[in-house]
Amino acid sequence: MNNTVSSTSTVKKKYKKKSQGWQTFKRVFKTPSAKLGGVLLAIIIFIAIFAPLLAPYGPYQMDLLNTFASPSLQHWFGTDAMGRDILSRMMYGAKYSLSLGLLTAFIGTVLGLVLGSLAGYFGGITETIIMRFCDIWGAIPGMLLNIVISASLGSGFFNTILAMSVGTFPGGARMTRGQILAERSKEYLEAAESINASKASIMFKHLLPNVISPTIVQTTMAIGGNITAAAGLSYLGLGVQPPTPEWGAMLSDGTTYINSHPYMLLWPGIVIGVTVLAINLVGDGVRDALDPKLRS
């Protein structure tokens, strides 16, 4: 009898969690703009995953007899200075650009969560040191900091991720600290302390789940900005460099021929703009879904 009751209770809990997750998912895509962003983003992710199957040519496949070919049925987006198909390179480049935006946002968020949690929970000298460091680090303009770090580390995919990640965590650390300060006096924390729960358990098991929603929203909104910043670094010659088919690198390569072959600059710029727009539309949906004040 007891086993039956326990089994039924477990099923109900799983169903409740699944139902709550589904309700949150539906709230994210409740508005037409979020649905549009979700569809566009799904298409871009699909292309990034299945680019080897969808692309008509290889990303490095050269045809020196077909250099600077204008858009046609054979090459929908035209070819570049080495006869490489621009459409195929952009399909393969989706993986690099999306990875740059996502990984940079994730690493910056984790750093901000850890430092903000330590500052907000322990307070005192720990809070002072962490927050003064964040103030100094955050006072440097983000793009300037990215340029300095990228110039020091050198160009490349992983160096670009590292350079951009370390410049984004101060804002997340401040926000996490503020959220934890608001939660620190709540009764559930006093209950956890009364049963001698460890500080790490209190901070990461009890506190963070209750302050994570604003961080998720901030991370989602930061992905689009990171893609744009990565494209800017590549444009300046400090990010991912040719022949890697990253959108920013393709944009940089196209500026050389902006007068004679503007399509080389046009297509990467349009795709970057559409991708950032889609991510921001989804980010608005995530904000509306997770913020109780914005729920209807």
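Modeller: Buried means under 20% relative accessible area, and exposed means over 50%. Phe157, at 18%, therefore counts as buried. Keep in mind that this is a predicted model.

Colleague: And is Phe158 buried or exposed?

Modeller: Phe158 is exposed, with a relative accessible area of 65%.

Colleague: How do the rings of Phe157 and Phe158 pair?

Modeller: Edge-to-face, at 5.2 Å centre to centre with 85° between the planes. Ring pairs also bring in Tyr96, giving a cluster of Tyr96, Phe157 and Phe158.

Colleague: How many aromatic pairs does the structure hold?

Modeller: Eight aromatic pairs. One of them is Phe133 with Phe169, which is stacked: 6.2 Å centre to centre, 15° between the planes. Phe133 lies in helix H5 and Phe169 in helix H8, so this pair ties together parts 36 residues apart in sequence. Phe133 is partly exposed at 43%, while Phe169 counts as buried at 6%.

Colleague: Back to H5, then. Which residues of H5 are buried?

Modeller: Glu127, Ile130, Met131 and Cys134. They cover an arc of only 90° around the axis, which puts them on the same side of H5. These buried residues pack against helix H4 (86-122) and helix H8 (169-183).

Colleague: What exposed residues does the face turned away carry?

Modeller: Ile125, Ile129, Ile136 and Ala139.

Colleague: New topic. Where does Met264 lie?

Modeller: In helix H12, residues 263-290. Met264 counts as buried, at 5% relative accessibility. Beyond its neighbours within four places in sequence, Met264 is in contact with residues including Phe68, Ile86, Met250 and Tyr257.

Notes:
Residues are numbered from 1 along each chain as its sequence is written. This is a predicted model: local features need pLDDT of at least 70, side-chain atom pairs count only at pLDDT 80 or more; totals for chains, interfaces and linings use all residues. Side-chain values use heavy atoms; hydrogens and water are left out. Buried means under 20% relative accessible area, exposed over 50%, partly exposed in between (1.4 Å probe, protein chains only). Helices (H or I, at least four residues) and strands (E, at least two) are DSSP runs, numbered from the N terminus. The arc is that of the directions from the helix axis to the C-beta atoms. Contact means heavy atoms within 4.5 Å. Rings of Phe, Tyr and Trp (its six-membered ring) pair if their centres lie within 6.5 Å; planes under 30 degrees apart count as stacked, over 60 as edge-to-face and the rest as tilted.
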